[in-house]
Amino acid sequence: MPEKTMRDAINEALHQAMEQDDSVFVIGEDVAGCSGSAGDVGAVGGVFGVTEGIYHRWPDRCIDTPISESAIVGAAAGAALVGMRPVAEIMFADFIGVCMDQIVNQMAKFRYMFGGKSRCPAVIRFSSGGGFSAAGQHSQAMYQVMTSFPGLKVVVPSNAYDAKGLMLSAIQDDDPVLFFEPKILYQETAEVPDEIYTIPFGEANFVREGDDVTVVAFGQMVPKAAAVIDALGEEGISCDLIDPRTTSPLDENAILESVEATGRLVIVDEAPPRCGLTADIAGLAADKAFSSLKAPIKQVSAPHSPTPFSPELEAAYLPDAEKITAAIKATLA
Amino acid sequence: MSIPKETLLHAYRTMKTIREFEERVNAEIMNGQIPGFTHLYTGQEANAVGVCAHLDESDTIISTHRGHGHCIAKGAEVSGMMKELFGSSEGLCKGKGGSMHVADIDKGILGANGIVAGGPPISVGSALAAKIRKNGKVAVSFSGDGSVNQGTCFEAMNMAVVLQAPAVFVIENNYYSEHTSINYAVGCDDLKARTEAFGFPVFVADGADFFAVHEAAGKAIAHARAGNGPAGVFAEQGRYHGHFVGDPQAYRAEGELEDLRENHCPLKNFRARMAETGELSEAELDAIDAEVMAEIEQSVTDAKAAARPTAEQVTEDVYIQYTATA
């Protein structure tokens, strides 16, 4: 099977969805690039290259916009309400700050407020997360915030294979989907079939299987946790590693069944700790699997701080192998 | 411009329906029958009706918090709307939306909208869909004089020009954004010029005059429908009620409301025009009045008798399909 980067896997999903369905279009800042300039329109394909090549094949369905995040999300929402399947790009998840109303008050709530008589099959893509020394306004995960809003589905792939299948599912989905692409993983490769395939939402992936500890991790924390778990295997410690892949819907059963079997739970996410996914899942386990627990639940997250700039500071900020290892061992102490 | 008799009859009936719907809603709120926050369109009827006269069902509108008039003008069923305002599960939105979220997608009504200037970006999306599909449809967004000061409105206007999308921006100046005068809240002296500076033509009308709005909207919609990019309509007309029902209206000048009702009434103006031209007789108009009054009365009777929602409906219609396994 061919090896592809996550960037190429998502790009391939977009191309295949656009081939299949002419109601699919991409819209955002520089998704074609060079519009109105002396350069070759379409030469950019998104600042991370995820929409590369789309303009040259479908110029009418690859739409460069002004820097207007509210209008981009609103345009996607409105086009979806009348039957299109837009895939909008918001360059960085942090920019949710400028288009939150269109996501949270508009697209998320149409169907409910309109009594179930509308559908809004829009996908909003975001590059997400830290690791680039991109500092406070270009590094946030943000998916943990958006998970709290009913009406939205929230996807966080951790590898190229999942990213393609989840993107094809997102585009076919009739509800609005927020798709967070951990940008540190864009160049990471995996085996990715050339064929079209989908991965259902709400179905967690067991990345590793073990008996001693349940580890739940999201996005870029999944490969970090996998490396830790592989190293701990040398010491005779075996762990389940669960990648929920979608945070809304969340595969609660997979987590609870694993916790009931292991009796120990570690949750790893790159976002700050308050009102986040680690606390959410800790609460879930405390509520529904308390009698199975043999040790306190451990949460590994960033501290309650904005993302710093300096590489040394960011390395100290993001959860790393040392912190994940310590948390797993703490549940076994 | 000559307007067919059927169109005139429909326009008058629709304006009268909006007027009586709103006045009755006001009374039912005062009676404690309708919950929540409600913003009435009374006085501005000609704007909605003059614009929507140029639209068919597959053209879209998106409205505002003051949305009842736009929805009725675009064809929303009065009985379903009244039930919705009463909070019935038989309402147009099953009692999930209420006054600020009346919608009927099948009729091209993308919703009233509780967020000021929430609508224009969404309308640009509908217009963009029409452009991609090359189907000749237009997307109309209604905005008030308060809405046009929101960044989302600026973004939508600029993007509609950049994308050359068939979006029509209808700006209804009712002189007050909530309790604050346009003289204070719009920083420039000429809102029409400010809007045109985005790069599309804006056609001005007296919002108390159906015929003026109809003509201006006709030009704007024809411009957009022909593929010339966005256009605007700027109509001035005060509202007869407060920002919301119960608003003490401390901002009004002495005699202002009386002057609005007496000298700036779209219904009176319409009747006067008909008396002058003889296109519709007084008897025809009186008959419409009687039918509308009966329809509104029936809608309230029906709304009071309609089914109430039940607790298990709280979580219905959040998603089309939510595959959470727990």
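Into which domains is chain A divided? Chain A comprises domain 1 (3-191) and domain 2 (205-332), with bounds that come from an automatic or database domain assignment. This is a predicted model, in which local features need pLDDT of at least 70, side-chain atom pairs count only at pLDDT 80 or more, and totals for chains, interfaces and linings use all residues. Residues are numbered from 1 along each chain as its sequence is written, while chains are lettered from A and ligands numbered from 1 in the order in which they are written.

- The centres of domain 1 and domain 2 of chain A, taken over C-alpha atoms, are separated by 27 Å.
- Domain 1 of chain A contributes 26 residues to the contact and domain 2 of chain A contributes 24 residues, contact meaning C-beta atoms, placed from the backbone, within 7 Å.
- On the side of domain 1 of chain A that touches domain 2 of chain A, at least two residues each come from α6 (143-146), β6 (153-155), α7 (160-172) and β7 (177-182) of chain A.
- β6(A) gives the most to that side of domain 1, with three residues.

**Helix pair α8(A) and α12(A)**

- Helices α8 (residues 221-233) and α12 (residues 321-332) of chain A have axes that come within 9 Å and cross at roughly 55°; helices are DSSP runs (H or I, at least four residues) and strands likewise (E, at least two), numbered from the N terminus.
- Lys224(A), Ala225(A), Ala227(A), Val228(A) and Leu232(A) of α8(A) meet Ala321(A), Ile324(A), Thr325(A) and Ile328(A) of α12(A).

How values were computed
Axes fitted to C-alpha atoms, helices over the stretch in contact; angles between N-to-C directions. Contact = placed C-beta atoms within 7 Å.
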